[in-house]
Amino acid sequence: MLLLAVGLVMTGHAILTPLLMVIIMLTGDLLGMSLTTDNVRPSSTPNAWRIGEVTAAGAFIGICELVFCSAALAIAKFHLGFGIEGLQTLAFLAIVFGNQATTYTNRERRRMGSSPPSRWLIASSVVDVLIASTLATFGIAMARLPVFVVGGTLAAAVVFAFVLDFAKVPVFRRLRIA
């Protein structure tokens, strides 16, 4: 929701179309359902649901993804000179790829590579990225973007995942949810 507001302020237009929102929800659901098969290790001690700390951790992750998506939009608008249609496609990609990044950082309390993801999670991630990349590259249901922009956005999301993972561990430790 905040990204829609940032996009509106930045461009003066809606940054996502209803169709793009539906596609984001469908691909996100695929990824979300595959998390039920994941291999993370359970907590060694019983957990207490400290809602305040969990909410703070979620807000931290959400703000980080908002910064990632907003930065992608700003670079596309002010550096690459994209029009609104290209910005809408880029916002779609930033959200999909950013969701992938936060999924892999959130699935483990420790560092991202502490436990291998399930095959289903990896497969759904590949399908999600391929669907989004194909739609954006060929301009299906959205404006077409050059392959280097799609690839650059994906590479930026990978870097974002590692930066977020680096920042997440001390934040989770401070909130006593690690």
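Helices (H or I, at least four residues) and strands (E, at least two) are DSSP runs, numbered from the N terminus. The structure is a predicted model, in which local features need pLDDT of at least 70 and side-chain atom pairs count only at pLDDT 80 or more, whereas totals for chains, interfaces and linings use all residues. Residues are numbered from 1 along each chain as its sequence is written, and side-chain values use heavy atoms, with hydrogens and water left out.

Arg-109 is placed in the loop between α4 and α5. Its relative accessibility is 35%, so Arg-109 counts as partly exposed. Here, buried means under 20% relative accessible area, exposed means over 50%, and partly exposed lies in between (1.4 Å probe, protein chains only). Arg-109 and Arg-173 are 64 residues apart along the chain. Their C-alpha atoms are separated by 9.0 Å. A second pair, Ala-59 and Phe-148, is 89 residues apart along the chain, with 31 Å between the C-alpha atoms. Ala-59 belongs to helix α3. This residue is partly exposed, at 38% relative accessibility.

Salt bridges were then searched for. The criterion is a side-chain nitrogen of Lys or Arg within 4 Å of a carboxyl oxygen of Asp or Glu. The whole structure contains 3 salt bridges. One of them pairs Glu-53 with Arg-176, and the closest N and O atoms are 3.6 Å apart. Glu-53 lies in helix α3 and Arg-176 in the segment after α6 (147–174), so this pair ties together parts that are 123 residues apart in sequence. The two partners fall in separate accessibility classes: Glu-53 is partly exposed at 21%, and Arg-176 is exposed at 55%.

Asp-165 forms a salt bridge with Arg-111. In this pair the closest N and O atoms are 4.0 Å apart. Asp-165 sits in helix α6, and Arg-111 sits in the loop between α4 and α5 (119–138); the pair therefore ties together parts that are 54 residues apart in sequence. Asp-165 is buried, with a relative accessibility of 5%. Arg-111 is partly exposed, with a relative accessible area of 35%.

The side chain of Asp-165 also meets that of Lys-168 in a salt bridge, at 3.2 Å from N to O. Asp-165 and Lys-168 are 3 residues apart in helix α6, so about one helical turn separates them. Both Asp-165 and Lys-168 are buried. Through shared partners, salt bridges join Arg-111, Asp-165 and Lys-168 into one network.

Backbone torsions were examined next. Ala-141 has a phi near 70 degrees, a positive value in a residue other than glycine. The loop between α5 and α6 holds Ala-141. With a relative accessible area of 42%, Ala-141 is partly exposed. Phi of Arg-176 is also positive, near 60 degrees, and this residue is likewise not glycine. Arg-176 lies in the segment after α6.

Pockets were located on a 1 Å grid over the protein atoms alone. A pocket is an open set of points with protein on both sides within 12 Å along at least five of seven lines, whereas a cavity is a set of points where a 1.4 Å probe fits but cannot get out; lining residues have an atom within 4 Å of a point. Grid points are joined across faces, edges and corners, and a volume is the space filled by probe spheres set on the points. The second largest pocket has a volume of about 280 Å³. Its lining comprises 13 residues. Met-1, Leu-2, Leu-3, Leu-4 and Ile-95 lie nearest the centre of this pocket. At least two lining residues come from each of α1 (2–11), α2 (18–34), α3 (51–79) and α4 (84–106). Helix α3 gives the most, with 4 residues. By class, the lining has 10 nonpolar, 2 polar and 1 charged residues. Ala, Val, Leu, Ile, Met, Phe, Trp, Tyr, Cys and Pro count as nonpolar, Asp, Glu, Lys and Arg as charged, and the others, Gly among them, as polar.

The surface also carries a nonpolar patch formed by Leu-19, Val-22, Met-25 and Leu-26. Patch residues have over 30% relative accessible area and no salt bridge; nonpolar side chains (Val, Leu, Ile, Met, Phe, Trp, Tyr) are joined within 5 Å, and like charges within 9 Å. Together the four residues have about 390 Å² of accessible area, from the Shrake-Rupley method with a 1.4 Å probe, where for residues only the protein chains shown count as cover. Val-22 is part of helix α2. At 38% relative accessibility, Val-22 is partly exposed.
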